[in-house]
Amino acid sequence: MSSIGFSKHGKTSELAKNSVAYPHGFDARNNIVIKVHAAAVNPVDKALLSGDLKMVFPVATFPHVISYDVAGVVEEADLEGKFSVGQPVFARLFGSPKDGKKTPWYRGAMAEYCVADTSNVVLKPENLSFEEAASIPLVGMTALQVLKASGLKEGDSIFISGGAGGVGTMAIQLAKHVFKASRVVTTASKGEKEKLCKSLGADVVVDYKTSNFVEVYGGTNADKFDVCFDTTGESLQMSSIVNDGGRIVTIAGMATLEELRRIGGTAWILKLFVKRKAKRKEHKAAQSVNADWNYLFLSPSHADLSTLASHLKSGAIKPVLDGVWDFHSEDDNDGWKGAFNRSFSGRAMGKCVVKIV
Ligand SMILES: NC(=O)c1ccc[n+]([C@@H]2O[C@H](COP(=O)([O-])OP(=O)(O)OC[C@H]3O[C@@H](n4cnc5c(N)ncnc54)[C@H](OP(=O)(O)O)[C@@H]3O)[C@@H](O)[C@H]2O)c1
């Protein structure tokens, strides 16, 4: 079957269409095979491809099929009978490439078929296309888990950096329409990205190219925020705009050693390069204004993906697609390469999705 992946670490040009074996012999006790209709691209795919994540997620076998986000139809069901053949589903593929030897069918989503752990597969909301559904799992669960970890509650104010990105577009909608934040402020560039953020529920959009959010909200009499959600690596500056007793949560930049350990990073060498939370300047800056700072890694969660499915079904939140590209075309713009070029440029507005069926 056809797949997209890489045979060695490097730039986007290392990505290629490869023929890989159909997953005959997958462990059907707790897995299903999905006939993939659509898969989405995320910044983590770029990091995995480049080798930046080698210490935490070493790739076990090449070519490694890329992408964590999938929507499709159950091709082969699990023995427990949680799913049946023909059901439309979506999932954030579970496991890491280093599990390859233990679970030989762990591979990415960008292929005609993939294997998914049933603990992380949810029925696709009927009102979503497969392309829309594939855009949700990684960014939706990340946004939801950060908002839960931040303790955001009805009536709170929140600052979200990078509102037009995959995570930002989910975070604005969830904060405003699900957590019922009273004030949602975000950063985005002027024009279509600013308009998009407002349409999703942002009360104020700060044009990050012409103004600095610390200058706008950092003064002693400024209206600061109960929660700051950092998707752009600016959590140090957020200690100037967070309320006394507030919380800053970041998903960008360098993780803490504690968080890397929590998600399974065991390499001793991590200790040489990664600081504990207590030693991080972001933590110290937040502490100095009586606020809390944390780094969060997404943890795949059936409960959280189900929650997102119900919010998508009710229309409380909606998918935001930058575009859809064709798996079967090698054209640099319209074909699958276009989705990676656009996502990896860091300029996408919402998600870049590849349509397979
Ligand atoms: N820890 C985790 O588990 C986890 C999970 C998901 C994502 N992440 C990380 O979170 C970050 C965001 O992910 P994403 O999927 O949302 O990325 P993305 O979709 O690629 O974000 C692209 C968007 O960010 C905007 N942007 C870039 N720099 C900005 C800035 N300084 N201020 C405001 N907007 C800015 C861009 O707009 P312009 O074109 O106008 O610049 C573009 O619209 C990435 O670093 C990713 O690796 C971490």
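User: Which of the 28 residues around the ligand come nearest?
Analyst: This is a predicted model, in which local features need pLDDT of at least 70, side-chain atom pairs count only at pLDDT 80 or more, and totals for chains, interfaces and linings use all residues. Residues are numbered from 1 along each chain as its sequence is written. A residue is near a molecule or strand if its C-beta atom, placed from the backbone, lies within 6 Å of it. Of the 28 residues around the ligand, the nearest are Pro 43, Gly 165, Gly 166, Ser 189 and Ile 251.

User: How do the residues of the shell around the ligand divide into nonpolar, polar and charged?
Analyst: Ala, Val, Leu, Ile, Met, Phe, Trp, Tyr, Cys and Pro count as nonpolar, Asp, Glu, Lys and Arg as charged, and the others, Gly among them, as polar. On that basis the shell holds 14 nonpolar, twelve polar and two charged residues.

User: Which helices and which strand each supply at least two residues of the shell around the ligand?
Analyst: Helices (H or I, at least four residues) and strands (E, at least two) are DSSP runs, numbered from the N terminus. At least two shell residues come from each of helix H1 (43-50), helix H3 (137-150), helix H4 (166-178) and strand S10 (183-188).

User: Where does the ligand lie relative to domain 1 and domain 2?
Analyst: The domain bounds come from an automatic or database domain assignment. Domain 1 (2-136 + 320-355) and domain 2 (138-295) both give residues to the shell, so the ligand lies between them.

User: What is the orientation of H3 and H4 to each other?
Analyst: Axes are lines fitted to C-alpha atoms, for helices over the stretch in contact, and angles run from 0 to 180 degrees between N-to-C directions. The axes of H3 and H4 come within 8 Å and cross at roughly 50 degrees. Angles under 35 degrees count as roughly parallel, over 145 as roughly antiparallel, 65 to 115 as roughly perpendicular and the rest as oblique. H3 and H4 are therefore oblique.

User: Which strands stand at the edges of the open sheet of six strands?
Analyst: Two strands pair if DSSP finds at least two bridges between them. The order is S11-S10-S9-S12-S13-S14, with parallel pairing. One side of each edge strand is left without a neighbour in the sheet, because each has a single partner strand: these are S11 (204-207) and S14 (292-295).

User: In S12, what is the bridge partner of Ile 158?
Analyst: Strand S9 (residues 157-160) and strand S12 (residues 225-230) pair in the parallel sense over three bridges. In S12, the partner of Ile 158 is Val 227.
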